[in-house]
Amino acid sequence: TYNGTWKVDRSENYEKFMEQMGVNMVKRKLAAHDNLKITLEQTGDKFVVKEASTFRTLDMEFTLGVTFEYALADGTMLSGSWGMEGDMMKGTFTRKDNGKVLTTTRAIVGEELVQSYSYDGVEAKRIFKRG
Ligand code: MYR
């Protein structure tokens, strides 16, 4: 189950990923230490998500397979949805400003939640521990 609170422990290639996303260097440096904490609460197809970081706190909800909008911390708007493929969450989102696609997955690997990100040929991971 994905339910619970997850604190980012480490990231792989996240700075390169943000660079590809067009995030400037100052913000990338800050975002590398954003202390991201995500709380997920799934009931059937519905997820309630609480996000907290040094940038902001955000409460939202989505339903698997249903398109919603999501603003990144810098204001970039995404539109898309999460689905399930087996035990893995798979999200496909489109940037509203340039139409490019960002895909992301969440999987529980051992005791950790591994989130992958892919955008414009660059991939990254952030790995969370329960907290
Ligand atoms: C959630 O389930 O946490 C809410 C919806 C997430 C949508 C996709 C997240 C992509 C985040 C990319 C970060 C890029 C930073 C430049």
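This is a predicted model: local features need pLDDT of at least 70, side-chain atom pairs count only at pLDDT 80 or more; totals for chains, interfaces and linings use all residues.
**View 1**
Helices (H or I, at least four residues) and strands (E, at least two) are DSSP runs, numbered from the N terminus. Along the principal axes, the C-alpha atoms fill a box of roughly 40 × 30 × 25 Å. Of the 131 residues, 37% are buried, where buried means under 20% relative accessible area, exposed over 50%, and partly exposed in between (1.4 Å probe, protein chains only). Among contacts with a separation of 6 or more, 38% join residues 24 or more positions apart; contact means heavy atoms within 4.5 Å.

**View 2. Asp34, in the loop between α2 (25-31) and β2 (37-43).**
Is Asp34 buried or exposed? Asp34 is buried, with a relative accessible area of 6%. Which side chain does the side chain of Asp34 touch in a polar contact? The partner is the side chain of Arg126, at 3.0 Å. A polar contact is a pair of N or O atoms within 3.5 Å; within protein, one must be able to donate a hydrogen and the other to accept it, and residues adjacent in sequence count only if both atoms are side-chain atoms. Setting aside neighbours within four places in sequence, Asp34 is in contact with Val8, Ser53, Thr54, Phe55 and Arg126.

**View 3. Asn13, in the loop between β1 (4-12) and α1 (14-21).**
Look at the backbone here: phi of Asn13 is near 65 degrees, a positive value in a residue other than glycine. Asn13 is partly exposed, and its relative accessible area is 42%.

**View 4. Asp120, in the loop between β9 (112-119) and β10 (122-130).**
The backbone is again the thing to look at. Asp120 has a phi near 50 degrees, a positive value in a residue other than glycine. With a relative accessible area of 39%, Asp120 is partly exposed.

Methods: Residues are numbered from 1 along each chain as its sequence is written. Side-chain values use heavy atoms; hydrogens and water are left out.
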